[in-house]
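Biologist: I am new to this structure. Can you walk me through how to read it, one feature at a time?
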Amino acid sequence: MEDARGNLWLGSAGQGLFRVQANGVVTRVRKADGLSSDHIRVLCEDNEGNVWVGTEGGGLNRLYRPVFDVSGTGEGLSSERVTAVCASAGGGFWAGTDGYGLNRVEGKEAVLAGENEASKALRVTSVLEDSRKRVWVGLRYGGVMRYESGVFKPFAKALMANRTTRCLF
């Protein structure tokens, strides 16, 4: 992910997080430095310039100069396995999990999206908020859904049934 300052952020599977500055200087941040896990799944920059790091087994980390802030199940996040993150135009962001649904996160509080049992088991692979503030959710073996007014609605169900959506852009 490239942030607003031109830094390139790279997440790894076991080696932590790397920041490559425009001048070529590389900085690595690991669990020993305050990251909740060295297994990075997803990166996102929010409207305030915070870098959000979704991890495998360590929940969410917010990097804001110069400290990490970690959110997990203790703050209401539905799972420590964060697989998708997307900043929201209205502030806060969306965090998808593998088998535990989509969360709306504002500040240190997370709330599970959706009102039925099926929405709590969604295996989210990607998430995108469009210019009309509709939330699109890519799923493992479930295609694409749109989350609007508190309800998940299948999109192109006949075309996407039992398909995995890897990214939305």
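Biologist: Leaving aside its neighbours within four places in sequence, which residues is Leu 102 in contact with?

Modeller: One caution before the list: this is a predicted model. Beyond those neighbours, Leu 102 is in contact with Trp 94, Ala 95, Gly 96, Val 111, Leu 112, Ala 113, Val 124, Val 127, Val 135, Val 137 and Phe 152.

Biologist: How do I read a list like that? Which residues in the largest nonpolar core touch the most other members?

Modeller: General idea first. In soluble globular proteins, nonpolar side chains tend to be buried together. Now the case here. The largest nonpolar core has 14 residues. Those touching the most other members are Trp 94, Leu 102, Val 127, Val 135, Val 137 and Phe 152. Two or more residues come from each of β8 (82–87), β12 (124–129), β13 and β14. β13 gives the most, with three residues. Another core, of 12 residues, lies apart from this one; among its members are Trp 52, Val 82, Ala 95 and Ala 110.

Biologist: On to the rings. How many aromatic pairs does a search of the whole structure find?

Modeller: A pair of aromatic rings is described by the distance of the centres and the angle of the planes. The search of the whole structure finds four such pairs. Take Trp 94 and Tyr 147. Their centres are 5.8 Å apart, with 75 degrees between the planes, and the pair is edge-to-face. This pair links distant parts of the chain, 53 residues apart. Trp 94 is in strand β9 (residues 93–97), and Tyr 147 is in strand β14 (residues 143–148).

Biologist: Are Trp 94 and Tyr 147 buried or exposed?

Modeller: Both Trp 94 and Tyr 147 are buried.

Biologist: Why is the pair of Trp 136 and Phe 155 called edge-to-face?

Modeller: Look at the angle. The planes of Trp 136 and Phe 155 stand at 90 degrees, with the ring centres 5.1 Å apart, so the pair is edge-to-face. The cut-off for that label is over 60 degrees. Trp 136 is in strand β13 (residues 135–139) and Phe 155 is in strand β15 (residues 151–155), so this pair ties together parts 19 residues apart in sequence.

Biologist: Now the sheets. In what order do the four strands of the open sheet that includes β9 run?

Modeller: Strands of a sheet pair through backbone hydrogen bonds, either parallel or antiparallel. Here the order is β8-β9-β10-β11, and the pairing is antiparallel. β8 and β11 (109–112) are the edge strands, each pairing on one side only. Neighbouring strands of this sheet are turned by 25 degrees against each other on average, direction ignored. Between β9 and strand β10 (residues 102–106) there are four bridges. Phe 93 has Val 105 in β10 as its bridge partner.

Biologist: One last stop, the hairpin of β4 and β5. Which residue there takes a positive phi?

Modeller: Gly 49 does, with phi near 90 degrees; the hairpin has five residues between the strands. β4 and strand β5 (residues 51–55) pair in the antiparallel sense over five bridges. Ile 40 has Thr 55 in β5 as its bridge partner. Strand β4 (residues 40–45) is mostly covered, with five of its six residues buried.

Definitions and conventions:
Residues are numbered from 1 along each chain as its sequence is written. This is a predicted model: local features need pLDDT of at least 70, side-chain atom pairs count only at pLDDT 80 or more; totals for chains, interfaces and linings use all residues. Side-chain values use heavy atoms; hydrogens and water are left out. Rings of Phe, Tyr and Trp (its six-membered ring) pair if their centres lie within 6.5 Å; planes under 30 degrees apart count as stacked, over 60 as edge-to-face and the rest as tilted. Buried means under 20% relative accessible area, exposed over 50%, partly exposed in between (1.4 Å probe, protein chains only). Two strands pair if DSSP finds at least two bridges between them. A nonpolar core is a set of buried Ala, Val, Leu, Ile, Met, Phe, Trp, Tyr and Cys residues joined through side-chain atoms within 4.5 Å. Contact means heavy atoms within 4.5 Å. Axes are lines fitted to C-alpha atoms, for helices over the stretch in contact, and angles run from 0 to 180 degrees between N-to-C directions.
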